[in-house]
There are 2 protein chains.
Amino acid sequence: MSSLPFPRVLLGPGPSSVSGRVLEVVGRPPIGYLDPELLTIMPEIMAKLRTVFGTANEFTLPLTGTGMAGMECCLTNLLEPSDNVVIGVNGFFGGRMVEIARRCGANVTQVDFEWGTPVLPGPMREAASAILGKVKLIGCVHAETSTGTASPLAPIGALARELGALFVVDAVTSLGGMAVELDKNQVDACYSATQKCMGCLPGMAPVSFSDRAIEAIKARKSAPQSWYLDINLLKNYWSGDHMYHHTISTNMALAFRESLLEIDEEGLEARFERHRTASDVLINGLVEMGIEPFAQAGFRLPMLNSVKVPDGIADMEVRGRLLREYGIEIGGGLGAAKGKIWRIGLMGDSARLRNVELLLAALKRVLHA
Amino acid sequence: MSSLPFPRVLLGPGPSSVSGRVLEVVGRPPIGYLDPELLTIMPEIMAKLRTVFGTANEFTLPLTGTGMAGMECCLTNLLEPSDNVVIGVNGFFGGRMVEIARRCGANVTQVDFEWGTPVLPGPMREAASAILGKVKLIGCVHAETSTGTASPLAPIGALARELGALFVVDAVTSLGGMAVELDKNQVDACYSATQKCMGCLPGMAPVSFSDRAIEAIKARKSAPQSWYLDINLLKNYWSGDHMYHHTISTNMALAFRESLLEIDEEGLEARFERHRTASDVLINGLVEMGIEPFAQAGFRLPMLNSVKVPDGIADMEVRGRLLREYGIEIGGGLGAAKGKIWRIGLMGDSARLRNVELLLAALKRVLHA
């Protein structure tokens, strides 16, 4: 049998640490995907997910796959070849939305924003107005994990509605750690992941589709490219007659339900506040050490703190020592930000003052030793 | 906290029961998707998977998703619009190959075989010869979970090679419980699942692509429809520089490695023999009770035993009582076989004489009470 790895304090871009309560559930003997015990729990999972998403959307469920499968699910269900799409890109994951929308055969207009700044409605409107014909879909990332930047959703939701376009949002990093509020923000399709602020292991991707999105799917000329991610088939398994689609991991479903119960018990507002407080203490401590935030002030994410690697400091060496000597994982930069920033995640069960103080102390030792 | 469900003896079409050793690993605190501990284990997982698949294929890895994601992975990577495809269909899952190949835009010729009988090369050859232009791909299910029937792979592999076509095989139910032997059988792409004879939980889909398949992918005019299931991107994460693609569940990866270690320690031949022995005892016991096998003699699967529901017996009532009174799950019929057959799985850790004797005793009580 393999030995237990040196236990990790997960302060990277995800996965985050998971409570003992959730881990206890995931390690129980499995049950079948149509077991009556599971079927009674499925509506509860869907209902609690709606609360966290801030939506009344009937089509709200966790699919089997990671957040990237959630992204593909939203885009493949909504897009058909030649649809016009406008995507705001202010980091690595916005770029992935562009890539996946292109694989759906869509005509994608990419609107670039400087990394570390938010997606704003002005340039999106301008790009949309340059398109001949109808804009089918507007997309952006709520919490850009690659830069630690939040993009306000309401103004882009309003723009989408004005253009008669669907609004698709990546909430992989934000869901469970800050308000997402799909209905208030006029979001038509949204995807997330279980292993960040939702406090569970990776393996499922919560998705939610508005009635307008479902109408658009009904009006498709052809079936979505993906059968595995076809939201109608997923919905038929998750509710109604529970028509078999794929063999979900009941261990993951029950563990995710446990995370949702934890969120319920803590309360969303208290949970958001816990994320903010941990982040404030972290950023203050880092600034005192002369380490500067990367993302634009006013748009910094509490759950993903991006900071500039100080001049003359070797990124990989510092991260390697934190991991080897303290068991602490923090993230490096992705794509254009590789080697230039650190990404410190305070997500879900990881968003604790204990972790913040430990990281600050360890980082001080490593940088000044 | 939720209460523990009445523990199940999983003798349905999957998931199957999982050893305590594998469950202990899945419930450990998570580590990151680029953690050095994980990176050292990834090549080991790939190597052990090759042994079980019977292949030297470099592109052999478990993706994040279920067996159905594996099916979609193989077809979406290999097929482009207008490609000619011949699929042998002798049950529910063959039908799904047809559906997914059609969503890839392929021209699919479906060759039907009676449910309970194997896919045979004769009618496949006939169908292929009626196609104008090149046949790109031939597909079938090795172990049809919906009927309990095995289709011999070697003759279809030979036919595919003769036609210059790629041979895609569904080994969801067979892998780990009987010989699959990709290289000997000239299989070019194959997918499976972790929760059947591999002895793990659901959530990953082992896939393997031959060099010929990889050449065909390199020759594509366009990228595969699916980004999430793009085998080149998956391979770049699983080996070489470990380029980030998606956040795999390290808990599942480590648990799956534990199953692979168990398989290694038991030995493949001993494991196959254990599946055959359990099945023989089960079928003999059922026949003594007057319950007849469904699948054609000579082609019956050891890990998925399909039997006819006896005349005058209410399918759902019997399965309901087995579950409620004994905690035993067996499967009902899918699609055309609904209400007509039972599907008794003896897969992975479930393939034990203890389970067989328990089921026979319980079934006797339920049928004669």
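Which strand order does the open sheet of four strands in chain A have?

## Four-stranded sheet

The order is E1-E12-E13-E11 in chain A, and the pairing in this open sheet is mixed. Strands (E, at least two residues) and helices (H or I, at least four residues) are DSSP runs, numbered from the N terminus; two strands pair if DSSP finds at least two bridges between them. Strand E1 (9-11) and strand E11 (304-308) of chain A are the edge strands; each has a single partner strand, so one side of each lacks a neighbour in the sheet. On average, neighbouring strands of this sheet are turned by 30° against each other, direction ignored.

E1(A) pairs with strand E12 (residues 328-332) of chain A in the parallel sense, over three bridges. Within E12(A), Ile330(A) is the bridge partner of Leu11(A). Helix H10 (residues 268-288) of chain A lies across E11 and strand E13 (341-345) of chain A, and runs at about 10° to E11(A). Contact means heavy atoms within 4.5 Å. Axes are lines fitted to C-alpha atoms, for helices over the stretch in contact, and angles between N-to-C directions run from 0 to 180 degrees.

## Basis of the model

This is a predicted model, in which local features need pLDDT of at least 70 and side-chain atom pairs count only at pLDDT 80 or more, while totals for chains, interfaces and linings use all residues. Residues are numbered from 1 along each chain as its sequence is written, chains are lettered from A and ligands numbered from 1 in the order in which they are written, and side-chain values use heavy atoms, with hydrogens and water left out.

## Seven-stranded sheet

A further open sheet of chain A has seven strands in the order E2-E10-E9-E8-E5-E3-E4, again with mixed pairing. Its edges are strand E2 (59-64) and strand E4 (107-112) of chain A, each with a single partner strand, so one side of each is without a neighbour in the sheet. The twist from one strand to the next averages 15°.

Strand E5 (residues 135-141) and strand E8 (residues 166-170) of chain A run parallel and are joined by five bridges. Phe167(A) in E8(A) is the bridge partner of Ile138(A). Helix H3 (residues 67-78) of chain A lies across several strands, including E2, E5 and E8, and runs at about 30° to E10(A). Helix H8 (residues 231-238) of chain A lies across E2 and E10 of chain A, at about 95° to E2(A).

## Relation of the two chains
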